[in-house]
Number of protein chains: 2
Amino acid sequence: MEIKIMKNILDRNQNKANEVRSLLASKEVVMVNIISSPGAGKTTLLERTLEEIGSKFRIGVIEGDITTDRDARRLQRFNIPIVVINTEGGCHLDSHSISKVLDSFSLDDLDAIFVENVGNLICPSQFDLGETFKLAVVSTAEGDDKPGKYPMLFREARAVLLNKIDLIPYTNFNLQNFVTDLRNINEAVPLLEISCTKGDGLTEWFRWIEDQL
Amino acid sequence: MEIKIMKNILDRNQNKANEVRSLLASKEVVMVNIISSPGAGKTTLLERTLEEIGSKFRIGVIEGDITTDRDARRLQRFNIPIVVINTEGGCHLDSHSISKVLDSFSLDDLDAIFVENVGNLICPSQFDLGETFKLAVVSTAEGDDKPGKYPMLFREARAVLLNKIDLIPYTNFNLQNFVTDLRNINEAVPLLEISCTKGDGLTEWFRWIEDQL
């Protein structure tokens with residue numbers, strides 16, 4: 001019975017996601033759904049990205065958070081349109097909440113919207129927001145076994161960002177194990193090894209995301 | 001409408017959790033529900049704990065995982081009863097699945113069951129399993145802002161384990177900020193600072209958990 005209810009919720013979510021996707025396509029706005037565990041570095045990634053490409057593209061941000069506006073406040077200095085969605089305990093964003101807040105943006109004046117989903121590797125992968133593509137962010141401190149344990153995200157993502165590579169020497173993270181695990185789940189997805197605090201690999205990331213936009 | 005459905009699910013979960021709690025109390029078995037983000041170190045904590053107190057207490061383990069039995073295999077060397085619950089995409093354990101697998105244990109021969117919940121800070125905090133208490137594990141690599149962002153777990157936990165304190169010198173984690181944030185959410189909860197790979201703080205943890213059992 002619970003499965004049936006869940007299916008209804010997912011069906012309704014999918015219908016609204018399709019509407020969102022059509023709207024964004026008609027406005028030529030790329031929407032990037034960024035998904036990771038808590039603390040993998042989504043907000044810092046956005047900071048680095050806005051610093052680098054914020055003058056070349058007109059970017060808006062949707063911040064998904066359970067209860068605070070902390071992440072949004074970290075991005076205020078960029079003077080871009082930001083909307084916070086507080087899920088009040090909900091573990092993922094859905095297409096209905098995205099659809100509602102899209103009214104707050106002037107879509108004709110935007111090239112892209114970055115959505116920082118709620119910190120969670122699981123349900124955000126299951127709820128289509130109408131995004132152009134999903135981006136997986138995973139930190140080396142989480143261990144090298146995450147693709148196999150949370151396969152859905154790594155199957156669906158258009159790119160995987162392995163963040164905090166500067167911490168590898170201080171952890172038991174084994175890059176070869178991680179790559180093998182990832183390739184078992186998704187043979188072709190681009191893997192970008194980065195450190196958002198130290199700067200490693202960001203040039204390749206900026207090039208990749210500019211190509212997508 | 002979705003809220004109503006969710007309430008029904010939570011009500012049914014609570015009823016079954018109450019049954020589980022009564023059963024465990026009658027058998028004098030302590031059940032510890034361990035909750036964290038992916039990769040915060042729950043399994044390594046269990047390894048260290050079983051090495052230290054595994055001969056003093058009769059312990060069983062329930063491993064919650066989306067799809068693999070990797071964590072369970074890491075614990076096989078202890079020759080203790082272990083049951084894996086694969087949620088097949090579900091982002092949390094619930095009391096019904098716990099109730100079912102309790103049949104696999106000989107409860108008269110156990111002092112404690114450690115439940116390693118699915119790696120997720122959010123929904124596992126909302127679903128009572130019938131546990132004796134919840135344990136929050138958070139890694140320094142996740143950043144010092146997690147208590148305020150994911151308040152429910154930090155409000156409900158009987159203790160908070162701050163793991164990977166050996167990584168603090170290599171991150172922008174600020175212990176004072178973390179403590180302030182935690183105390184805003186939960187003034188009194190014991191905070192244990194540990195490193196499961198390096199050993200820091202584990203003596204205090206072993207003493208604390210032995211007291212609980």
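The side chains of A:K149 and B:D65 meet in a salt bridge, with 3.5 Å from N to O; a salt bridge here is a side-chain nitrogen of Lys or Arg within 4 Å of a carboxyl oxygen of Asp or Glu. This is a predicted model, in which local features need pLDDT of at least 70 and side-chain atom pairs count only at pLDDT 80 or more, whereas totals for chains, interfaces and linings use all residues. Residues are numbered from 1 along each chain as its sequence is written, chains are lettered from A and ligands numbered from 1 in the order in which they are written, and side-chain values use heavy atoms, with hydrogens and water left out.

Between chain B and chain A the count is six salt bridges, and twelve residue pairs, both residues at pLDDT 80 or more, are in polar contact; a polar contact is a pair of N or O atoms within 3.5 Å, where within protein one must be able to donate a hydrogen and the other to accept it, and residues adjacent in sequence count only if both atoms are side-chain atoms. The elements of chain B that give two or more residues to the side touching chain A are α1 (2-26), α3 (70-74), α5 (123-126) and α6 (146-149), helices being DSSP runs of H or I with at least four residues and strands runs of E with at least two, numbered from the N terminus. The largest share of that side, four residues, comes from α1(B). By class, the side of chain B that touches chain A has 14 nonpolar, 13 polar and 13 charged residues, where Ala, Val, Leu, Ile, Met, Phe, Trp, Tyr, Cys and Pro count as nonpolar, Asp, Glu, Lys and Arg as charged, and the others, Gly among them, as polar.

Within chain A, helix α2 (residues 42-53) and helix α9 (residues 202-212) pack at an angle of about 70°, with their axes 11 Å apart; axes are lines fitted to C-alpha atoms, for helices over the stretch in contact, and angles run from 0 to 180 degrees between N-to-C directions. That angle makes α2(A) roughly perpendicular to α9(A), a term that covers 65 to 115 degrees. A:L45, A:R48, A:T49, A:E52 and A:I53 in α2(A) meet A:L202, A:W205, A:F206, A:I209 and A:E210 in α9(A), and these residues divide into six nonpolar, one polar and three charged.

The side chain of A:E210 also meets that of A:K56 in a salt bridge, at 2.9 Å from N to O. This pair links distant parts of the chain, 154 residues apart, with A:E210 in helix α9 and A:K56 in the loop between α2 and β2 (59-65) of chain A.

Notes. Angles under 35 degrees count as roughly parallel, over 145 as roughly antiparallel, 65 to 115 as roughly perpendicular and the rest as oblique. Contact means heavy atoms within 4.5 Å.
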